[in-house]
Each structure stands twice: as C-alpha cells, then as structure tokens.
Amino acid sequence: MLKLLSPKEIQTIQLEILSTINGYCREIGLKDSLCGGTLLGAVRHKGYIPWDNDVLMMPREDFDRFVARFKADGMTVMNLAEADDCAETFTIICKNGTVLIDRNFGQELWGVNVDLFPIDGALDDNIEDHYRKLDAVRKNFSPYARTTKL
C-alpha cells in the first residue's frame with residue numbers, strides 16, 4: 001500500500017538525492033550549483049521554498065558526463081530530453097520506490113526527484129544570432145513558445 005508523504009518527507013528525500021549527487025560530483029571533479037528556487041530558498045530562507053524543486057545546474061560538459069556515468073543505489077537518472085512523451089530538455093534524478101503524481105497531468109510520472117539543468121553558454125560575439133537560434137529550437141518544442149525580443 002502506498003503511503004502519502006508529507007512535504008517534509010519529500011524534502012528529506014530530495015536532500016538525500018542532492019547530497020548523493022554533490023558527493024559524486026566532488027569525487028570526480030564535476031561542477032554543480034544550486035539554482036532557481038532552491039538557491040533562493042537557501043539564501044533567503046536558509047532552507048526550502050516548498051513550491052519549487054529547480055535544484056541543480058551544471059555546465060553542459062559536466063552535465064553530459066554526469067548523465068552518462070552517474071550510478072547510485074536506489075536512484076535512477078531520467079534524461080527527459082530523450083523521452084518520447086516529454087518536451088522537457090533537462091534531467092531528473094529519482095528515488096526508486098517512490099511515486100510522484102504530476103498535478104498538471106493527474107498521473108504518475110516519476111519518483112520523488114530533483115531537477116538537473118544543463119548550462120549552455122551564449123555566443124560572446126553575436127548575441128542576436130544566439131537568440132534567433134534559441135527561438136528556432138523553442139518553436140520545435142512547443143506550440144506556445146514566444147519569440148525573444150532584443
């Protein structure tokens with residue numbers, strides 16, 4: 001029978017995942033950083049912002065190495081960019097034996113997880129060209145994508 005986890009229990013699982021990832025990154029020399037609401041919560045609240053689980057980011061090269069090599073007991077890496085039924089372009093690290101129901105879709109999708117985002121650099125010499133290319137990529141992923149105004 002499934003047990004409904006409290007927000008505190010979910011955060012505890014996420015901290016376990018985060019600690020495992022950070023230890024692995026330090027061990028093999030990958031750069032990782034808190035980001036989004038997790039970074040804001042750590043600085044402003046000295047803890048979590050309950051509604052945000054944008055947890056980690058890595059330079060693209062380190063991200064690719066991590067996704068290809070990371071293994072930890074009780075955890076699964078899911079590269080959403082490779083999933084046929086998902087338009088996301090990041091990776092999640094899930095705790096095995098847990099289920100997360102996505103409120104947007106009302107269905108079980110993954111286990112309790114943390115998000116891991118790649119950092120892709122902008123072109124130093126022609127930022128306008130970079131944004132045109134980025135807009136072209138966005139249009140392929142979503143019919144709701146907006147163009148970037150410079």
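**Entry 1: Arg60 and its partners**

I began with Arg60, which forms a salt bridge with Asp120, their closest N and O atoms being 2.8 Å apart. Arg60 sits in helix H3 and Asp120 in the loop between S7 and helix H4 (127-141), so this pair ties together parts that are 60 residues apart in sequence. I noted that this is a predicted model.

Next I looked up Asp64, whose side chain meets that of Arg60 in another salt bridge (3.4 Å, N to O). These two are four residues apart in helix H3, which puts about one helical turn between them. Shared partners join Arg60, Asp64 and Asp120 into one network of salt bridges. I checked their accessibility too: Arg60 is partly exposed at 31%, Asp64 is partly exposed at 40%, and Asp120 is partly exposed at 47%.

**Entry 2: the two sides of H3**

Which residues of helix H3 are buried? In this helix (residues 60-69), I found Asp62, Phe63 and Phe66 buried. Seen down the axis of H3, the buried residues fall within an arc of 100 degrees, so they line one face. Their cover includes helix H1 (7-28) and strands S2 (56-59), S3 (75-79), S4 (91-95) and S7 (113-119). On the face turned away, I saw the exposed residues Glu61, Ala68 and Arg69.

**Entry 3: the rest of the search**

I searched the whole structure and got four salt bridges. One of them pairs Lys95 with Glu16 (2.9 Å, N to O). That pair links distant parts of the chain, with Lys95 in strand S4 and Glu16 in helix H1, 79 residues apart. Glu16 is partly exposed at 35% relative accessibility.

Disulfides came to zero.

Technical notes
Residues are numbered from 1 along each chain as its sequence is written. This is a predicted model: local features need pLDDT of at least 70, side-chain atom pairs count only at pLDDT 80 or more; totals for chains, interfaces and linings use all residues. Side-chain values use heavy atoms; hydrogens and water are left out. Buried means under 20% relative accessible area, exposed over 50%, partly exposed in between (1.4 Å probe, protein chains only). The arc is that of the directions from the helix axis to the C-beta atoms. Contact means heavy atoms within 4.5 Å. A disulfide is a pair of cysteine sulfur atoms within 2.5 Å.
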